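Please read it with the structure open beside it.

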Amino acid sequence: MDTNDYIEFYNELDDEDKLNSHLGIDRRRPYEQTTKKLAQEERSFKHAQDDSGDSFKFSYKAARFEEWWLLDSLGAFYEHKWISDVLRKVKGGKEASVYQCQPGAEVDAPLLAAKIYRPRMLRNLKNDGEYRIGRVDLDQDGGALWKARDINAIAKRTSYGEEVRHQSWIAYEFVTMEKLYHAGADVPRPYAKEKNAILMEFVGDAGTAAPPLSHISLERDEAKQLFERIIRNIDIMLANDRIHGDLSAYNILYWEGEIKLIDFPQVVLPEANPSSWRIFQRDVVRVCQYFSAQGVSCNEKKLAADLWVSHGHKIFKEVEPKYLDPEKPEDRRAWEKQE
Ligand SMILES: Nc1ncnc2c1ncn2[C@@H]1O[C@H](COP(=O)(O)OP(=O)(O)OP(=O)(O)O)[C@@H](O)[C@H]1O
Ligand SMILES: [Mg+2]
């Protein structure tokens, strides 16, 4: 078993029961047999680590497999002195887990957040097809993919292609954050990206991570102010040809009266995606739903339309792709006409 197996392994293993069943180990069998096997594997992995010289150790008490996963995902950040320690897990999610990190010598920030994606095989890809339409896939470094080999592999959904697609998904999150951060949007400052992880400004302080807005009740005046701030951010995104695609009170962090928008891998390009107007409206509606519960009234449809049109986009009816059935006479006629 190599490190990658462990990474995949780890993600399925959140409790001892699953651990045992995954290993095919009968829980009635002596526990030492399990631990002995694991200890052997751990020793050989640690040995490989020590051979690489300066080993990365951290204060966060990770579970066994999680530790390997962290070493694999964050090792390069450590080597480049972007981080010096992993302090704690902030949140384990369906798509990714987020850890609070101590910055290394190369970064001047109080704290950092590392978002580590689940390995491709175990991620519940948010039906990414809809979001990928009209997006050029990106390589690990955030540049457009151009090699026919990669493009074909994605189209054919080979295992290699799925890995490239996974990389592109992560790269979109990072390049979008960079773009929006430089455009003055309220997003955590992005610092670095590795194969499986993104390093960014930590929102919160040493003891507390900023909660999402969905967990917060606001006074009406503050709600009004923050609502306007979010509209300003949506406007900046449109000015930069980006739609968040999964915007809601769950993906907006609140800290000391300020907000930060997070979670961008599914970002949509307005001109290129035939569903962009629908996806954009959904973002605006979800934001309005939260704020109307906080006492801020808004006409969500009108707001979405005004923002959309002000950036030169057209409001269009989405055309559902229609598949013709040669067994149906009307479809057959339509098909023959096309011919
Ligand atoms: N920069 C940050 N600073 C502090 N906490 C953060 C930061 N980024 C993310 N988090 C925390 O991690 C959680 C998950 O982050 P994010 O929304 O980007 O991932 P996700 O893939 O959507 O995960 P989930 O499936 O749980 O929503 C956030 O809700 C927030 O609690
Ligand atoms: Mg999220």
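Predicted model: local features only at pLDDT ≥ 70, side-chain atom pairs only at ≥ 80, totals over all residues.

1. Residues are numbered from 1 along each chain as its sequence is written, chains are lettered from A and ligands numbered from 1 in the order in which they are written, and side-chain values use heavy atoms, with hydrogens and water left out.

2. The largest pocket has a volume of about 800 Å³ (on a 1 Å grid over the protein atoms alone, a pocket is an open set of points with protein on both sides within 12 Å along at least five of seven lines, and a cavity is a set where a 1.4 Å probe fits but cannot get out; lining residues have an atom within 4 Å of a point). A volume here is the space filled by probe spheres set on the points, which are joined across faces, edges and corners. Of the 30 lining residues, Lys-91, Val-98, Tyr-250, Asn-251 and Ile-262 are the closest to the centre of this pocket.

3. Domain 1 (55–201) and domain 2 (213–310) each give at least three residues to the lining of the largest pocket, the bounds coming from an automatic or database domain assignment. Strand β1 provides the largest share, three residues (strands are DSSP runs of E, at least two residues, and helices of H or I, at least four, numbered from the N terminus).

4. The count comes to one cavity of 30 Å³ or more, and the largest cavity has a volume of about 40 Å³. Among the residues that line the largest cavity are Ile-234, Met-237, Phe-280 and Asp-283, and helices α8 (220–239) and α9 (276–293) each supply at least two residues of this lining.

5. The structure holds 11 aromatic pairs (rings of Phe, Tyr and Trp, the last by its six-membered ring, with centres within 6.5 Å; planes under 30 degrees apart count as stacked, over 60 as edge-to-face and the rest as tilted). Phe-56 and Tyr-78 form a stacked pair because their ring centres are 4.3 Å apart and their planes at 15°. Phe-56 lies in the loop between α3 (31–51) and α4 (64–79) and Tyr-78 in helix α4, so the pair ties together parts that are 22 residues apart in sequence. Ring pairs also link Phe-58 with Phe-56 and Tyr-78 into a cluster.
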